[in-house]
Amino acid sequence: MTAVTTTTHTTTHTTASASATATANATAAAPLAAAAAEETRQVRRRRRLAPGRRLPATRLIGPAVVLALWVVASAAGLLDAGAVPAPWTVLETGSRLWSAGTLPDDILTSLQRAAAGFAIGLTVGILLALASGLTRTGEALIDGTVNLNRAIPTLGLIPLFILWLGIGETFKIAIIAIVVYVPVYLNTHAALSGIDSRFVELAEVQGLSKYRFIRQVVIPGALPGFFVGLRLGVTGSWLGLVVLEQINATSGLGYMMFQAQNYGQTDVILVGLVVYGIFGLISDSAVRNVERRVLSWRRTLSS
């Protein structure tokens, strides 16, 4: 009888101890579970602040909406056909100009002018930004001069450049180069100046040479700003080309539009504008794709 009583007390004590241990574990685990749940809620809340996943072909949605509105307004007769021809009229005119060989020649001429001016402006902008951003002497000699040039309207330099370089192709390419190099220089120089000084101190502690410092610290740090300037330069080259090809030109998209203005051919003018817009969108998208690949190491909202 005594053994049975002892066993009963032992079992009761063990059960009570196990229950107490379970209660203690549950009590200790409750704050941890609450903290985990709160952390999960915070993560979800943070995720809601981001723009979300990138949609495919998002940059084409806006132009597609504009085109759809244009089609609907033209079909409903809301637009004056003489002022704003219907999209199918513009398409027919473009097809006719392409078949006649006029549009391909004008496009090729415009591409050659834009490419030549862009290449020169890009090279000059990069070299001036490096010289000004990496040396105090270069900054003293270059930065103020470039900002003075930026304050002067580039298209206002056309009469002076005509006197200097003549009325031919040279002055057109020179103006496009100026339009391109200014944003490339400004954004690249700003990116160079904005590199964290702690990176410079770390490079000095590591004993990096000037070449390795530029290659491993300066160039990666300046690339985001450079690509911003590159996109602005690409767009600027097309904007400058529109104006320049209407000044004593005998070919090019701007010349085609200028001649259409004289004869009241609105559809031809819209053909030129559509071609300019397509080339501008393609070039900007190409720069964006290169930027995304080169700067794939960055974690940003757009990525």
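A residue is termed buried when its relative accessible area is under 20%, exposed when over 50% and partly exposed in between (1.4 Å probe, protein chains only). The model is a predicted one, in which local features need pLDDT of at least 70 and side-chain atom pairs count only at pLDDT 80 or more, whereas totals for chains, interfaces and linings use all residues. Residues are numbered from 1 along each chain as its sequence is written, and side-chain values use heavy atoms, with hydrogens and water left out.

By the accessibility criterion, Trp238 is buried, with a relative accessible area of 10%, while Phe279 is partly exposed, at 22%. A search of the whole structure returns 4 aromatic pairs, a pair being rings of Phe, Tyr and Trp (its six-membered ring) with centres within 6.5 Å, stacked if the planes are under 30 degrees apart, edge-to-face if over 60 and tilted otherwise. Trp238 and Phe279 form a stacked pair, 5.5 Å centre to centre with 10 degrees between the planes. Because Trp238 lies in helix H9 (residues 210-244) and Phe279 in helix H11 (residues 266-294), the pair ties together parts that are 41 residues apart in sequence; helices are DSSP runs (H or I, at least four residues) numbered from the N terminus. Together with Tyr276, Trp238 and Phe279 form one aromatic cluster.

Elsewhere, contact (heavy atoms within 4.5 Å) joins Leu128, Ala131, Ser132 and Leu134 in H4 to Arg136, Gly138, Glu139, Ile142, Asp143 and Val146 in H5. The residues of this contact of H4 with H5 divide into 5 nonpolar, 2 polar and 3 charged, where Ala, Val, Leu, Ile, Met, Phe, Trp, Tyr, Cys and Pro count as nonpolar, Asp, Glu, Lys and Arg as charged, and the others, Gly among them, as polar.

Methods:
Helices (H or I, at least four residues) and strands (E, at least two) are DSSP runs, numbered from the N terminus.
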